[in-house]
Number of protein chains: 2
Amino acid sequence: MASKNRQILLAKRPKGLPDESTYHFVETDIPSINDNEVLVQAQYLSVDPYMRGKMSDAKSYTAPFELDQPLQGGVVGTVIKSNHPKFNQGDTVTGLLDWADYTAVDGKLIRKIDPNQAPITTALYVNGMPGLTAYFGLLDIGQPKAGETVVVSGAAGAVGMIVGQIAKIKGCRVVGIAGSEEKNAYLMNELGFDAAINYKTTENIRQALKEACPNGVDVYFDNVGGEISDAVFSLLNFHARVALCGQIAHYNDTKVEMGPRFLATFLKRSVLLKGFIVTNYADRYEEGICDLATWLREGKIKYKENIVEGLENAPDAFLGLFRGDNLGKQLVKIQ
Amino acid sequence: MASKNRQILLAKRPKGLPDESTYHFVETDIPSINDNEVLVQAQYLSVDPYMRGKMSDAKSYTAPFELDQPLQGGVVGTVIKSNHPKFNQGDTVTGLLDWADYTAVDGKLIRKIDPNQAPITTALYVNGMPGLTAYFGLLDIGQPKAGETVVVSGAAGAVGMIVGQIAKIKGCRVVGIAGSEEKNAYLMNELGFDAAINYKTTENIRQALKEACPNGVDVYFDNVGGEISDAVFSLLNFHARVALCGQIAHYNDTKVEMGPRFLATFLKRSVLLKGFIVTNYADRYEEGICDLATWLREGKIKYKENIVEGLENAPDAFLGLFRGDNLGKQLVKIQ
């Protein structure tokens, strides 16, 4: 055990994309723990697009990060000391913990994971928040039926890849939209997507989508927003469902962008649109994790991780989400 | 019984607002009826905003009106001749019939109404399609709970006035948006709305709404779209519901208007938005009509009609819907 604790604090709320001035790197003592607390040493840290929202102080579904406090994210780590009856030294646990080497946390805010059941990083992906996000957004809001067409934007992102695979399990035609030929080849050849569109090189996305979706679009799982979504909206069928999971095109906007008004189309076609955050489904996590773990074991869901080494690289790994670097789940290995 | 049948045909699909060239007035013989058909003489004709959509041939929830055929709308009339076992001469009936003095119609497409239960025009309003539209849009999509704030745009229109009154029955704070002081006085003094905003004279609608909705907006019943809806969207609460019933601001658009993108807000606040048309609820009409008729009898729902005389004035009465002339339900008395 090292004698110091590196932490990354929120130094300033970013306008637009975060940069160096957003973060403050400090070294502190390793925290002591109170009654019912556990000291966790981080092994892997998850960076996810939703964190950009928490860096701002706008009204949102979760409280913003506090200034001069450590940023937090999904972590898998090892229990170093425990004052909580449910945890012992050496346990592998997961929870929302600091961007740091060590976090002291109330035992009720973390859960134990079994390293023999699945690789521990899956607790940050398929068997964790991104998997559950895909699961509930697609199945509860999207309600896909066999034979229907499901379009997913940000398809090569952590959530998008799971969405497409669950839609295939449900017997749908699945069309992904992503930002490189490499990503699209992976979606089609490895994950079984029926078609994939490269939004960076396709001149007329609407036309490409029309060809990829000869029967229109029944379910749209939206991770990105902006012009890509405009194109999908124009192809929605009667009674189509839109699961609004992310709007990564807009997270770094410094003013409200203008776009074509589409509600007359939603009206004419009786479209349902629902914004959601995975915690809306907190009382159903068990159901989701059970299905996801089963599909993972059966090989019906494959996954890909992109692991960067070193806590100091977390800010750049996070920025990579907005540059579109990531094929699959972006993780940071702390030690 | 007259010897001729006046009809109004769709002469040309309008671009923008309908005008004289949209219509063709003809006189034909009174139609003969086949087996199972009924000849109905129209007494009252309902003009409704949704008809604008059917004048175009864009993909929509209902088939468009056919060129050189009579326009159709909700009619209450009298059975003149019947070849259908369920109808006798003299019965009062309602259904989607021609803009004409007479229509020959299959008996299964009309229903009998009892003139002793309620004024017959209520079959075109509170106890008919507009009432059911308000009922299902508000209750099924909006899911208003006592103490919540409901905002309705187009509040002095036929549907809007019913929406506000049902929301009051459910114990909500109700805020209407309409286009004149006279309308707003009626909404507040006669129908019990808690507040009403005149969008034509209010400089900052968002600010006015903020004052009228100190706890934010939980349910928005949208009849209009455009900038009024932009203002409401900015005040939606977490888990707010938007029932998308009309977009009258856009029915006569000849190109797609631009507006501020709002989906990032919908995402952050887990908002539900659903476009609908009353026929989505066809299998639940009985439930709706039962509740509406009860509330009407109990005086919990009041209504106002605006009746124009003469079939020849139907086109102008229809245009009045877009000019904002109407306080309450616009009807045309045929004879």
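Me: Two strands pair if DSSP finds at least two bridges between them. With that in mind, in which sense do β13 of chain A and β13(B) pair?
Reply: Antiparallel, over three bridges, with β13 of chain A covering residues 258-260. Strands here are DSSP E runs of at least two residues and helices H or I runs of at least four, numbered from the N terminus. This is a predicted model, where local features need pLDDT of at least 70 and side-chain atom pairs pLDDT 80 or more, while totals for chains, interfaces and linings use all residues. Residues are numbered from 1 along each chain as written, with chains lettered from A and ligands numbered from 1 in written order.

Me: What stands opposite Gly259(A)?
Reply: Gly259(B), in β13(B).

Me: How many residues does the contact take from each chain?
Reply: 30 from chain B and 30 from chain A, a contact being C-beta atoms, placed from the backbone, within 7 Å.

Me: Which element of chain B gives the most to that side?
Reply: α7(B), with five residues. β12 (236-244), β13 (258-260) and β14 (272-275) of chain B are also among those supplying at least two each.

Me: Do the copies meet through the same surface or different ones, and why?
Reply: The same one, because 100% of the interface residues of chain B are also interface residues in chain A.

Me: OK, new topic. Inside chain B, which residues of α2(B) meet α3(B)?
Reply: Among them are Pro130(B), Tyr135(B), Leu138(B) and Leu139(B), while the α3(B) side includes Val159(B), Ile162(B) and Ile166(B).

Note on methods
Two residues are in contact if their C-beta atoms, placed from the backbone, lie within 7 Å.
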